[in-house]
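Please look at the one shown here.

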Amino acid sequence: MIKVEIDQNKFQTLLEINTQINSNYEDGTRLLTKIMEYATNFSEGEASSLMLINNENNRLYFEIALGAKGNEVKKYSLESGEGIAGWVVQNNTSLIVNDVESDPRFHADISRKIGFPTHSILAVPLRVKDRCIGVLEIINKKDKKLFNNEDLQWLEIFATQVAITIQNAKIYQKVKNEVSQLKEQVLEKDGYHTFIGKSNSIMEKLKIATRAAGTDSSVLLLGESGAGKELFAEQIHLKSNRADGPFIRVNCAALPEYLLESELFGHIKGAFTGAVNTRRGKFEIAHRGSIFLDEIGDIPVTLQTKLLRVIQHKSFEKVGSNDTIQVDTRIIAATNKDIEKEVQEKRFRADLFYRLNVLPIYIPPLRERKEDIPLLADYFLSRFKKETKKQIKGFTKEAMDLLFSYSWPGNIRELENSIERAVVISQASYITPENFILNSFSQSHEDDYMGKTLKDALNLFKKKFLTKSLKANGWKQTKTARALNIQRTYLSRLIKELDIIK
Ligand SMILES: Nc1ncnc2c1ncn2[C@@H]1O[C@H](COP(=O)(O)OP(=O)(O)O)[C@@H](O)[C@H]1O
Ligand SMILES: [Mg+2]
């Protein structure tokens, strides 16, 4: 009578575990801990452990360890074949040992180190498709009782559940990784960039961009050339509910006026000489998506009027046509010009500016967010390594210092180009300062020289120039002198006179 009740209780538990295994693939550890807790209680054990084989070194390590010393025992691992656990794994056979001390297979070392005396052990192999991947152990049946065959059979059932849980978690992780890899490939294939950045200032801007993405208002991206305006435009599109629609890029500075008009709005056959076919413009193609108008500050005034109409009425006509076309697209514009000055000087229509400037976002230059340099440098290195199939491990400390001290007037684009060139010319496993050809002069701010005598200005220049050259040559004086075509003795005198310190 009693026995039946206990069994029902156990079956209930097994059913519950099965349900959980079926509903939760992600949090394997939590589920495994739960199964181990049940298994320990059912067999009246004082402690228990789930050990898995590490395929790299063939050692058994504790994935889960319960009981008074559970946390401490996790520091240890067993050699393959070592101890009772090792024997079970090696022989792929279950084992009841009720008098541990007299069993020669017992490895007393760990139990002694953690101060947890062991009397009895129940151990069953953990199998996936007949292959043994680890072991389940229950330690010390309470009140000095002995483990029996029924305990063993139950533990074997639990072992099956543990195995399924581990397999599920592995498969889930694998699928998850593959999906994210595929997603990345899809993004790259579509011509979107991987966005890199972690500095507070860039994360702040990304937050603003994400908020802007939720609206349909025009966005105006401001900032120096190469700072990443186009990548922000991509992010705004990808984070908007137009993400499945097209993202169309137009560089407004790249074409003469009449071609730009046709590029943006399209033309009908015969609209002008050379218009042999009817053509759809970028606005039409960007229907249900976003249009990125780069270098908007360079758009001719006549086209500004037409652009204003598209924003106001969401409609336009092809060049040479009277038919009005309706279009639903979100405008993201960018410029590195001082656009307000353009407005003041009447080169840019004020009404268009106000329409575009609903959501302005200023992208800070790279020199104002140097925390992003190592991240970007590593990212570009791994990209160009792949492209050139070179085995480069990273940057020397001196090379990274150089990247940090440089002011990057060309921003991320310049960093990207410099690393590409460095990877191409590098012949060692680390990129060194010599691999970089940076424009040293751009680092001197002209303002530094103002108000100085010619002599002081020249000395300041010499100091800056020599410091940079020394840095670029790893502070080796002979090498620097050779690069600058001066005597080494002259260089070392200048270093002293100008008080140059490393
Ligand atoms: N956040 C970023 N993460 C990774 N690469 C970037 C990032 N910002 C810019 N880049 C790289 O720098 C280049 C220039 O960026 P881009 O957006 O075209 O600058 P801008 O439009 O401001 O001139 C891009 O081609 C891209 O490779
Ligand atoms: Mg650009």
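The questions below concern this predicted model.

Q: How is helix 14 oriented to helix 16: roughly parallel, roughly perpendicular or oblique?
A: The axes of helix 14 (residues 372–388) and helix 16 (residues 411–425) come within 9 Å and cross at roughly 45°. Angles under 35 degrees count as roughly parallel and 65 to 115 as roughly perpendicular. Helix 14 is therefore, relative to helix 16, oblique.

Q: How many residues in the contact of helix 14 with helix 16 are nonpolar?
A: Helix 14 contributes residues including Leu376, Phe380 and Lys385, while those from helix 16 include Ile412, Glu416 and Val423. The contact has 1 polar and 3 charged residues, and the number of nonpolar ones is 10.

Q: Which domains does ligand 1 lie between?
A: Among the 17 residues around ligand 1, the nearest are Ile196, Gly228, Lys229, Glu230 and Ile412. Helix 8 (229–238) and helix 16 each give two or more residues to this shell. Two domains supply shell residues, so ligand 1 lies between domain 2 (200–364) and domain 3 (368–433).

Q: How is helix 18 oriented to helix 19: roughly parallel or roughly perpendicular?
A: Helix 18 (residues 477–484) packs against helix 19 (residues 488–497) with axes 9 Å apart and an angle of about 105°. Angles of 65 to 115 degrees count as roughly perpendicular. Helix 18 is therefore, relative to helix 19, roughly perpendicular.

Q: How many polar residues does the contact of helix 18 with helix 19 have?
A: Gln477, Thr478, Thr480 and Ala481 of helix 18 meet Arg488, Leu491 and Ser492 of helix 19. By class, 2 are nonpolar and 1 is charged, and the number of polar residues is 4.

Definitions and conventions:
Residues numbered from 1 in each chain as written. Chains lettered and ligands numbered in written order. Predicted model: local features only at pLDDT ≥ 70, side-chain atom pairs only at ≥ 80, totals over all residues. Axes fitted to C-alpha atoms, helices over the stretch in contact; angles between N-to-C directions. Helix = DSSP H or I, 4+ residues; strand = E, 2+ residues; numbered from the N terminus. Parallel < 35°, antiparallel > 145°, perpendicular 65-115°, else oblique. Contact = placed C-beta atoms within 7 Å. Nonpolar A, V, L, I, M, F, W, Y, C, P; charged D, E, K, R; others polar. Near = placed C-beta within 6 Å. Domains from an automatic or database assignment.
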